[in-house]
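Hi,

Here is the model I promised to pass on.

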Number of protein chains: 2
Amino acid sequence: MPKRVDHEERRAHIAEALIQVAGRRGLHAVGMRDVAAEAGVSLRLVQYYFETKEKLLFYGLRHLTDRFTARVGARVAAAGPDPGPRATVEALLLASLPTDEESRTFHLLYSSYAILSVTDEALAAQPFVDQPDAAENALTALLERAQETGLADRDADARTEAISLLAMAATLGTSVLVGQRTPQSAIAVLRYHLDRVFTPAATPERSAAPA
Amino acid sequence: MPKRVDHEERRAHIAEALIQVAGRRGLHAVGMRDVAAEAGVSLRLVQYYFETKEKLLFYGLRHLTDRFTARVGARVAAAGPDPGPRATVEALLLASLPTDEESRTFHLLYSSYAILSVTDEALAAQPFVDQPDAAENALTALLERAQETGLADRDADARTEAISLLAMAATLGTSVLVGQRTPQSAIAVLRYHLDRVFTPAATPERSAAPA
DNA sequence: ACCTTGATGATACGGTCGTACCACGAAGAG
DNA sequence: CTCTTCGTGGTACGACCGTATCATCAAGGT
């Protein structure tokens with residue numbers, strides 16, 4: 001057999017090129033030739049590793065969400081060992097705001113895919129629809145745990161608050177993306193609601209509330 | 001001179017066709033020939049009344065926002081003569097949710113335009129960027145007025161709450177659009193926050209608070 | 001009556017896009 | 001050594017898209 005190549009690595013490299021060029025010119029404007037040029041390979045190779053453009057786009061979406069999930073996880077981990085629920089939730093929400101180039105690209109492309117999926121049933125059947133559900137469940141669990149330990153308002157509805165926080169983070173992110181709002185003002189809005197849901201109480205590290 | 005035609009009426013008709021076909025197949029997929037066929041005119045006429053596709057798209061955006069503004073106004077007016085601030089705000093927010101075909105199309109296309117504007121500077125310079133600001137200011141004023149009359153929580157920050165409500169309505173609308181959430185659950189989330197901001201107090205029609 | 005001018009139709013042109021086709025190199029298997 | 005097979009390049013094809021061109025019709029003004 002001739003020289004064997006790691007197909008998965010190649011696909012990841014090409015998908016990365018797709019994300020880069022799509023982040024600059026928009027997902028709608030990217031062609032196979034653009035991706036090939038960005039990846040530094042020939043058009044034929046893009047066809048070789050992804051038979052069709054549709055499959056390239058699907059793989060690109062998967063790659064995008066995987067990378068972003070890892071990024072959010074790293075941000076949460078960077079919040080420190082065993083952080084309080086508030087710090088965890090804040091890290092989670094703020095990580096999704098388009099504050100740097102990578103998160104900006106993610107936000108733009110994820111939104112583009114979501115809009116595309118409304119009129120493209122093949123895309124709507126892709127896995128990224130349950131990604132928001134996972135975030136919602138995780139955030140709900142965090143809030144419920146905070147309520148049980150007395151760190152969050154017990155009168156609040158955890159799931160509704162989780163949905164609300166994620167919904168706000170999404171639109172605020174878009175507002176930042178289109179230049180209507182600054183990242184700082186978006187963060188301020190989110191903190192406003194975190195202050196409302198989380199009771200000031202003791203320091204987050206302490207578990208016992210002083211009554 | 002030959003038969004004179006109302007250009008503005010023609011443009012509105014063609015723009016309507018653009019909105020219809022874009023609502024079905026997606027804004028990215030619409031071509032001039034599709035618009036011509038939907039409007040029942042020849043391709044040449046679309047070129048005649050809009051010299052270029054870019055101008056057609058710009059006009060379509062304007063037409064879309066105008067129609068939607070009128071729709072929201074009608075919804076608010078339908079809330080009854082001199083309704084309470086809560087009823088007005090609720091009508092405002094619920095009118096933007098994609099609950100029927102027209103609002104669904106609006107939400108899809110407005111989002112498409114917004115995403116396009118991130119990578120298309122000519123589109124970013126279009127007027128629709130200040131539309132959200134107007135809604136934000138109007139909603140802020142409504143909340144402040146409610147606070148002054150004792151109908152809303154005075155400890156809340158009116159502008160932040162206005163931003164939050166609009167942000168939630170936007171993302172919740174998108175969630176409904178992609179089929180992730182039902183309109184009812186979206187409405188429930190919005191009502192949850194309205195219940196929080198607006199004090200139960202007296203009936204909205206009465207102006208004097210009992211305390 | 002004629003001529004100007006706005007409105008409309010049919011069609012052609014250049015470009016781009018996704019995909020298909022064909023050919024060649026290179027590396028292990030026999 | 002040769003042959004099979006994976007990887008790769010170059011290029012052509014057919015379709016579509018936005019735009020431009022040419023021609024025709026119709027309705028007033030003079």
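The contact between the two chains takes 38 residues from chain A and 37 residues from chain B, where contact means heavy atoms within 4.5 Å. Keep in mind that this is a predicted model, where local features need pLDDT of at least 70 and side-chain atom pairs count only at pLDDT 80 or more, while totals for chains, interfaces and linings use all residues. Residues are numbered from 1 along each chain as its sequence is written, chains are lettered from A and ligands numbered from 1 in the order in which they are written, and side-chain values use heavy atoms, with hydrogens and water left out.

Between them, chain A and chain B bury about 2900 Å², and 68% of that is on carbon and sulfur atoms. (Buried area is the accessible area, with a 1.4 Å probe, that two parts lose on being put together, summed over both.) Two salt bridges are counted between the chains, a salt bridge being a side-chain nitrogen of Lys or Arg within 4 Å of a carboxyl oxygen of Asp or Glu. One of them joins B:E136 and A:R181, at 3.3 Å from N to O. On the side of chain A that touches chain B, the elements giving two or more residues are helix 1 (7-25), helix 6 (101-119), helix 8 (130-148), helix 9 (158-177) and helix 10 (183-197). Helices (H or I, at least four residues) and strands (E, at least two) are DSSP runs, numbered from the N terminus. By class, that side of chain A has 17 nonpolar, 12 polar and nine charged residues. Here Ala, Val, Leu, Ile, Met, Phe, Trp, Tyr, Cys and Pro count as nonpolar, Asp, Glu, Lys and Arg as charged, and the others, Gly among them, as polar.

Helix 6 of chain A packs against helix 6 of chain B at about 145°, with the axes 10 Å apart. (Axes are lines fitted to C-alpha atoms, for helices over the stretch in contact, and angles run from 0 to 180 degrees between N-to-C directions.) Residues meeting there include A:R104, A:L108 and A:I115 from chain A, and B:R104, B:L108 and B:I115 from chain B. That contact has six nonpolar, six polar and two charged residues.

Now for chain A by itself. Chain A has 10 helices and zero strands, and its C-alpha atoms fill a box of roughly 70 × 40 × 30 Å along the principal axes. Helix 4 (residues 53-78) and helix 5 (residues 85-95) of chain A have axes that come within 9 Å and cross at roughly 145°. Among the residues meeting there are A:F68 and A:V72 in helix 4, and A:T88 and A:L92 in helix 5. The classes in this contact are seven nonpolar, one polar and two charged.

Leaving aside neighbours within four places in sequence, A:S96 is in contact with A:F68, A:H107 and A:A169.

Cheers
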